[in-house]
Amino acid sequence: MNALTLAPPPTFPGTSTYGLSPAGGIGAGMSPGRSVAPAAGPDFAAMLADAVNGVNANAQAADSAATRAVLGENVTQAEVFTAVKKADLSLRMLISVRNKLLEGWKELQSIPV
């Protein structure tokens, strides 16, 4: 059995490893009535849209490779397999991100206000 290995979490510009600011984390420096300036860099919606577009591009590349192989063009089985596997992995990753977001949303909803 293979040992479970975890990849380090992604980091984004202007954040530390866990998405907290280096100045002290969530809520650091905040006071009631004080507005918080948005952080510089890409927003979450843009990153999510890029991820979805990347998954779509991988699926289209896999579909194209499979079609070219069926039509007898110069495409090896390894290239088709690699393209299909890449599309599959990217889709699975996107689904796991969606599931984590939904799980976080449900957890937020369960917090009594």
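In which helix is the place of Val97? Val97 lies in helix H2, where helices are DSSP runs of H or I with at least four residues, numbered from the N terminus. The model is predicted, so local features need pLDDT of at least 70 and side-chain atom pairs count only at pLDDT 80 or more, while totals for chains, interfaces and linings use all residues. Residues are numbered from 1 along each chain as its sequence is written, and side-chain values use heavy atoms, with hydrogens and water left out.

**Helix H2**
- The 33 residues of H2 should span 48 Å at 1.5 Å a residue, and the end C-alpha atoms are 48 Å apart, which agrees; the expected span is 1.5 Å times one less than the number of residues.
- Val80, Ala83, Ala87 and Ser90 are the buried residues of H2 (buried: under 20% relative accessible area; exposed: over 50%; partly exposed: in between; 1.4 Å probe, protein chains only).
- These buried residues pack against H1.
- Ala83 touches Asn58, Ala61, Ala62 and Ala65, leaving aside residues up to four places away in sequence; contact means heavy atoms within 4.5 Å.

**Nonpolar core**
- Ala62, Ala65, Val75, Val80, Ala83 and Ala87 form the largest nonpolar core, a set of buried Ala, Val, Leu, Ile, Met, Phe, Trp, Tyr and Cys residues joined through side-chain atoms within 4.5 Å.
- H1 and H2 are the elements that give two or more residues to this core, and H2 provides its largest share, three residues.

**Val97**
- Val97 counts as partly exposed because its relative accessibility is 34%.
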